[in-house]
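Here is a short report on a ligand site. It covers the pocket, the contacts and the annotated residues.

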Amino acid sequence: MAKVTLQTLAAKKESGEKFACLTAYDSTFANIVSTQGVEVILVGDSLGNVVQGEDTTLPVTVDDMCYHTRCVAKGNEDSLIMADLPFASYHDVDQAIMNSARLMRAGADMVKLEGEGWLPPIVTRLREQGIPVCAHLGLTPQFVNVLGGYKVQGREVDRANAMIQAAIDLEAAGTALLLLECVPVSLAREITRAVSIPVIGIGAGADTDGQILVSYDMLDLTPGRKARFVKNFMEQAGSPRGAVANYVKEVKDGSYPAKEHCFN
Ligand code: KIV
């Protein structure tokens, strides 16, 4: 695979080819992921849950994110590396630039942040500083205490309309990618059509331009109850490398996510 850039992902949206994204937190798994054709590696703040054993992503620090981004960058071949700005690390422009710069120096190609209406000025300034941004909408785990739990977002008409408007405003502000988590299929489809930037989904149906999963979930390593959108790719594959290869194949041929992984 040639080095994946934002232009690669834009061309895939244009041509209708789906792209695959997975989280990674270390060098070994980043190498497996990137050599199996995953276009985007997310160094997610989900590392708070799956690596650190925390109940939420809130305890994750910028230092933690820089450490894991550096590990992933060492193992990566050609995937685009996106790193999460963790909880409360981008509440104003100056703080967002300073912390994003640390992630970029650690090896990220772009940053991801969570939010809606208040984000556009921050996105614009980051882009002006050479830092591309992915905006994470829908179920935003850093806001779990405001949202009242990990629930599907955008089922009510006014929330759905606000999310569509936020997506349009974020694109106008210079956002490079959107990520939609746990939203109804119809809303994800509408947002994906309303913007010209690539849209990645998790629990958002099959109509987004790309798909993402937390790697520990799709490898069936995460204990406890699985979210509806998670598929165990280890069951058929027998090895992590095979599981990632099957995930890429199923994202690209449209067989993942299937109806049973989606919300209405
Ligand atoms: O941190 C993370 O792993 C994420 C995914 C759930 C998309 O943001």
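Predicted model: local features only at pLDDT ≥ 70, side-chain atom pairs only at ≥ 80, totals over all residues.

## Pocket

A pocket is an open set of points on a 1 Å grid over the protein atoms alone, where a 1.4 Å probe fits, with protein on both sides within 12 Å along at least five of seven lines; lining residues have an atom within 4 Å of a point.

Residues are numbered from 1 along each chain as its sequence is written, and side-chain values use heavy atoms, with hydrogens and water left out.

## Ligand shell

Residues around the ligand (a heavy atom within 4 Å) include T23, L42, G44, H136, E181 and V214. By class, the shell has four nonpolar, four polar and four charged residues.

For S46 the distance is 2.5 Å. For D45 it is 3.1 Å. For D84 it is 3.1 Å. Taken alone, the ligand exposes 260 Å², and the protein buries 95% of that (Shrake-Rupley method, 1.4 Å probe).

## Annotated residues

An unreviewed UniProt entry lists D45, S46, D84 and K112 under "binding site"; such annotations may be inferred rather than shown by experiment. They span 68 residues in sequence, yet no two of their C-alpha atoms are more than 12.4 Å apart, so they gather at one spot. The lining of the largest pocket takes in D45, S46, D84 and K112.

Methods. Polar contact = N/O pair within 3.5 Å; in protein donor to acceptor, adjacent residues only side chain to side chain. Nonpolar A, V, L, I, M, F, W, Y, C, P; charged D, E, K, R; others polar.
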